[in-house]
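Me: Got a model loaded and want to talk it through. Can you take my questions as they come?

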Amino acid sequence: MSVTRTRPPAAARHRAAAALLLLGALAYTAWVLELVVATGLDPVQAYVSELAAADQPLGGLFRATDLIAGLLVLAGAVTALLTLERRPWATAGWVALALFGAATAVDSRLPLSCAPTSDPACAARETAGLVPATHTAHALSSSCAMIGALAALVLLTFAARRYDRWPALGRLGPPLVLAELAATIWTLASVAAFTAGQGTSALGAGQRLQVLLVALYVVLLAGCVARSARTGAAEPAVRPVPPAPPASPHPKPSPKPSPYPKPGEGDR
């Protein structure tokens, strides 16, 4: 039987996207190491980004894990975008997730120079504008990362429900999105209070909840993508060519030639 070759099975690409997303989510939660390693920062009050500040003893470690997390999520989102079925809401969601990954990677290259929530001198220099420009750039890249994450959560959850795919995401996505919005409001309010000199208002707790929920969502998303590979979403590697229809056992007889000349031919 003749066959035609196609692209490698889509299931393998689905599994690759799922693995990249899962590893990215795990790297994004590296800050939980502060529960077992002394960092000198209060997890209830300090920014997560302060763990990676240039003057912190473990800053290099946390900058590296942020870079790895961003690159892995970016690679997973791009792989999914190129592999999975293209539908408008889902495509927009994958693009937003890729933005989150890229901004997180950039964020790791723009660390704070010091920890303002635990160092009053650092906070005073930041208020006076005497810190390096990386503080402003870091705030911008962090904002882009969170905008990308929020957009991805909303868009991919909507896509899961609208296109009737990924039942787990369609069921668990909405409460995760609502919790993420609440954590984001908490974080923004705490940042505003700290900027106004009114204390941190448990800024660290709110931001840690915010990033934890993003990581949990990415884990859930990775599971849905992996499940799509196991449930027959793969393309066949070899596609059979349908055989030609069999010849009729009773061929139609050809018409007999007419003994009379065609009109206009005459005798020759």
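Me: Is F100 buried or exposed?

Reply: F100 is buried, at 2% relative accessible area. Buried means under 20% relative accessible area, exposed means over 50%, and partly exposed is in between, with a 1.4 Å probe and protein chains only.

Me: What should I know about the source before I go on?

Reply: This is a predicted model, where local features need pLDDT of at least 70 and side-chain atom pairs count only at pLDDT 80 or more, while totals for chains, interfaces and linings use all residues. Residues are numbered from 1 along each chain as its sequence is written, and side-chain values use heavy atoms, with hydrogens and water left out.

Me: OK, what's the secondary structure?

Reply: The protein chain has seven helices and two strands, in the order β-α-α-α-α-α-α-α-β from the N terminus. Helices (H or I, at least four residues) and strands (E, at least two) are DSSP runs, numbered from the N terminus.

Me: And what percentage of the protein chain is buried?

Reply: 41% of its 268 residues count as buried. The chain exposes about 14,800 Å², with carbon and sulfur atoms supplying 68% of that; the areas come from the Shrake-Rupley method with a 1.4 Å probe, and for residues only the protein chains shown count as cover.

Me: Switching to rings. How many aromatic pairs are there?

Reply: The structure holds four aromatic pairs. One of them is Y28 with F100, edge-to-face at 5.3 Å centre to centre and 85° between the planes. Rings of Phe, Tyr and Trp (its six-membered ring) pair if their centres lie within 6.5 Å; planes under 30 degrees apart are stacked, over 60 edge-to-face, and the rest tilted.

Me: Why does the pair of Y28 and F100 tie together parts that are apart in sequence?

Reply: Because Y28 lies in helix α1 and F100 in helix α3 (residues 88–108), the pair ties together parts 72 residues apart in sequence. Y28 counts as buried too, at 11% relative accessibility.

Me: Which tryptophans pair up?

Reply: W94 and W166 form an edge-to-face pair, 6.2 Å centre to centre with 85° between the planes. W94 is in helix α3 and W166 in the loop between α5 (134–162) and α6 (167–195), 72 residues apart. Both W94 and W166 are buried.

Me: Which charged residue sits over the ring of W166?

Reply: R165, with its charged end 4.4 Å from the ring centre. The rule is NZ of Lys or CZ of Arg within 6 Å of the ring centre and within 35 degrees of the ring normal.

Me: And where's T29?

Reply: T29 lies in the loop between α1 (10–28) and α2 (59–83). T29 is buried, at 15% relative accessible area. Leaving aside neighbours within four places in sequence, T29 is in contact with L212 and A215.

Me: Last topic: what volume does the largest pocket have?

Reply: About 1,000 Å³. A pocket here is an open set of points on a 1 Å grid over the protein atoms alone, where a 1.4 Å probe fits, with protein on both sides within 12 Å along at least five of seven lines; lining residues have an atom within 4 Å of a point. Grid points are joined across faces, edges and corners, and the volume is the space filled by probe spheres set on the points.

Me: Which residues are closest to its centre?

Reply: Of the 38 residues lining the largest pocket, Y47, H138, A139, S142 and Q207 are the closest to its centre. The largest share of the lining, ten residues, comes from α5.

Notes. Contact = heavy atoms within 4.5 Å.
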